[in-house]
Amino acid sequence: RMFHDDELEESEKFYVGQPRVLLLIYALYNTLVARSEMVCYFVIILNHMISASMITLVLPILIFLWAMLSVPRPSKRFWMTAIVYTEVAIVIKYFFQFGFFPWNKHVDYTKDKPYHPPNIIGIEKKEGYVHYDLVQLLALFFHRSILKCHGLWDEDEKGDSSSNKEDTDDELSLTRGRRDSSASLKSVNLAASVESIHVHFPEQQTAIRRKSSSSISQLSHRSSFSSHRSKRVMCKLCASKSHCGLCCFRTLQVYVPIRQFFYNLIHPDYSAVTDVYVLMFLADTVDFIIIVFGFWAFGKHSAAADITSSLSEDQVPEAFLVMVLIQFGTMVVDRALYLKKTVMGKVIFQVILVFGIHFWMFFILPGVTERKFSQNTVAQLWYFVKCVYFGLSAYQIRCGYPTRVLGNFLTKSYNYVNLFLFQGFRLVPFLTELRAVMDWVWTDTTLSLSSWICVEDIYAHIFILKCWRESEKRYPQPRGQKKKKVVKYGMGGMIIVLLICIVWFPLLFMSLIKSVAGITNKPLDVSITITLGGYQPIFTMSAQQNQLKSLDPNEFNEFLRSYGGNTAALQFLEGYAREDITRADLEGNSNSLWTISPPSRKKMIQGLLDFDADFTLVISWTIQRYKNMKYLISLFFSRTLEEVYPYYIKAPSDSLAKPIKQLLRDCKWENITVSLVKNTSEEWWVLNQLGKRQKTPQESLELFIFSDKVSPPSLGFLAGYGIMGLYASVVLVIGKFVREFFSGISHSIMFEELPNVDRILKLCTDIFLVRETGELELEEDLYAKLIFLYRSPETMIKWTREK
């Protein structure tokens, strides 16, 4: 041991001996210290999400377009800007909290208006107006203290003061090596003061960067000229320019550093190449899912139903369509930039997205939804995920795109996880095809589209075989031994259960959907209409609300006991619970007067007196349930009123209500009495049912309705097909894919049973590699070699032998 200290060892033993909870707290604190800038970014974004004003909008934009793009870390100037800006924002908000301002007199009326000017600016009067700003300021000061502890706060100033003398010598030595490019302005030092402009030359930049490569800050080793030369250049410029020229010069002092910042970003001296496209794609996918399941939050009326109910009605909401197309378009553009590896395009795309999304989310969306952004939870979640995407994009820009993009990110390892994820990726409709075509469009290649797709298909097939071969090596099967029962019953039993479930899925689904997951659909309205011989109805009555009663447990048990010896009735009642039965009490007096014309009345009397002719009695009932589903049937009887009332009616899930014969005594319907009541010039009919279960002294009708359970709304799209529809649309389609898996294997043996696929996999990787390096002629040769390999079975056998 080169260094030994008893106190350090005692301190280490002390910390190791602490409780685990305390050690966890230490670890969390160290993590907080190590990523203190991320804590500041998070607090600033959280403050903006809650405040959603122009005052808090500035810092998030500076984070994505300045701080996260700075190499190797944000400078002191950014943190001082953030601290001073937060302090000024707190003072401004405090100043506008006084009640003498006109807009503070009607706060309750204007606090929810998104386009109220104080709300947009962020100077409205509200409780807790400065809480998050104080937390933000505390986080910034915490990060400042961390930088000071590590000596990173004043590193730029120290680097400038210590290198003045060296820069003078460097200037003299580099003057001899200048070439014809001495008149061109290549870069401007961002760390320079406002009064000076530093002119750099290509040779000077190279020499200075080599000499100062040990410096921590990238900005410090770009200060290549001495302060004396800067002052001389400034004096000459100031002496030769007029007032107008001085204004233009001041403007350039603001414009040129910004331009140089992005120029150095696009043309870095050192590039730590990385690839975070997968994480950016996942962030975009999460935003896509948020749009699909929360699209109503981006429209005007938030009371709309989910997307499945809208699509089931063949309606495509405009907000959903616009959001999906924009999100999908940005994903396509991001893929194109990734394949072209153009950092300049990514920078432009980042600037457009940052300004565009912030302008849309905080200025347009509140007007569309008529809600403030702080009251839109779904929009806040979408914006937070988009901020994660912006951070990843900034990291990608700062580090640069990878020089080689080889294959799919899921094909980096050969295990079961990558295998199943890759196969799931290929099962998504049109995703594989869209990716292949986009890669062909934005990648330099000499292959045609069909040849490109051929290589991609071969590579995917060989990767799957490689995963299976690796699994066989990890879990070898000894020769001559039978398969273990765990494997046979585990895999085989699972497949058997799956196939049986698919075959009997419609029957099980239609049986369980109503018996287990079904919901009771009670009647909302029960109406009875009786008509004599096609004339004006003599009786019309409806039962609603309190007249529709459910049976209590005692009545239900008594109802079941009354059919103790009737097997058919008990079998029918097995499918219904107490809450499925409704008793409708209809009043015996008709709710409408009998308004028949005298000639029709005379003709009807003559028909009733003619005993040799039949006279029809029409009884029709209507049961209205949820979603205005009506069940209507008409019955025709002779002129007698005996056995004409059904009493028990079944309301199924289809459109036809049927009487229940199993519950009728001797399969006979109930008798009713009909009488005509006259009062001066008005008359109406009164009906009374004989043999009611609920004995009432007044004339009335009683009707029992048995309501079939209906499927839940979320599963209605499947239950609507019926048993035969499910067999035709689900079972047969799945059966077709299963049949393709079990049949036709003999035709693909020479391409499936490959003992060793390493050489073929390396050949595909070589094609990707030479394509990325620009060796297009070699790409053609390797592709021809791959095609010849698949055309020659003998060569394929030699290539796939075990080493």
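Ser-70 counts as buried, at 6% relative accessibility; buried means under 20% relative accessible area, exposed over 50% and partly exposed in between, with a 1.4 Å probe and protein chains only. This is a predicted model, in which local features need pLDDT of at least 70, side-chain atom pairs count only at pLDDT 80 or more, and totals for chains, interfaces and linings use all residues. Residues are numbered from 1 along each chain as its sequence is written, and side-chain values use heavy atoms, with hydrogens and water left out.

**Around Ser-70**

- Ser-70 sits in the loop between helix H4 (54-67) and helix H5 (76-95); helices (H or I, at least four residues) and strands (E, at least two) are DSSP runs, numbered from the N terminus.
- A polar atom of the Ser-70 side chain lies 2.7 Å from the backbone oxygen of Trp-66. Such a polar contact is a pair of N or O atoms within 3.5 Å; within protein, one must be able to donate a hydrogen and the other to accept it, and residues adjacent in sequence count only if both atoms are side-chain atoms.
- Leaving aside residues up to four places away in sequence, Ser-70 touches Phe-261 and Arg-398, where contact means heavy atoms within 4.5 Å.

**Backbone details to look for**

- Most residues other than glycine have a negative phi, and most peptide bonds are trans.
- The peptide bond from Val-71 to Pro-72 is cis, with omega near -5°, and Pro-72 is found in the loop between H4 and H5.
- Ala-52 has a positive phi, near 55°. Ala-52 belongs to the loop between helix H3 (36-51) and H4, and is buried, with a relative accessible area of 17%.
- Lys-341 has a positive phi near 55° and is found in the loop between helix H16 (318-340) and helix H17 (343-369).

**Salt bridges**

- How many salt bridges does the structure hold? There are 22 salt bridges, each being a side-chain nitrogen of Lys or Arg within 4 Å of a carboxyl oxygen of Asp or Glu.
- Side chains of opposite charge can pair when their charged atoms come close.
- Lys-93 and Asp-133 meet through their side chains in a salt bridge (2.9 Å, N to O). Lys-93 lies in helix H5 and Asp-133 in helix H8 (residues 131-149), so this pair ties together parts that are 40 residues apart in sequence.
- Lys-93 is buried, at a relative accessible area of 4%, and Asp-133 counts as buried at 3% relative accessibility.
- Glu-772 forms a salt bridge with Lys-341, with the closest N and O atoms 2.8 Å apart. This pair links distant parts of the chain, 431 residues apart: Glu-772 is in helix H30 (residues 758-772), and Lys-341 is in the loop between H16 and H17.
- Lys-341 counts as partly exposed, at 24% relative accessibility.
- Lys-549 and Asp-585 form a salt bridge whose closest N and O atoms are 3.9 Å apart. Here too distant parts of the chain are linked, 36 residues apart, with Lys-549 in strand S3 (residues 548-550) and Asp-585 in strand S4.
- Lys-549 counts as partly exposed at 38% relative accessibility.
- A network of salt bridges links Lys-549, Glu-555, Arg-583, Asp-585 and Glu-702.

**Leu-586 in its strand**

- Leu-586 is found in strand S4 (residues 581-587) and is buried, with a relative accessible area of 1%.
- The C-alpha atoms of Leu-586 and Glu-702 are separated by 6.1 Å, although these residues are 116 residues apart along the chain.
- Not counting residues up to four places away in sequence, the residues that Leu-586 touches include Val-526, Met-541, Tyr-645 and Leu-701.

**A helix and a surface patch**

- Helix H14 (residues 277-293) has 17 residues and reaches 24 Å from its first C-alpha to its last. That is close to the expected 24 Å, where the expected span is 1.5 Å times one less than the number of residues.
- Among the buried residues of H14 are Tyr-277, Met-280, Asp-284 and Asp-287.
- An α-helix has 3.6 residues a turn, so residues three or four places apart point the same way.
- Leu-508 is in helix H23 and is partly exposed, with a relative accessible area of 46%.
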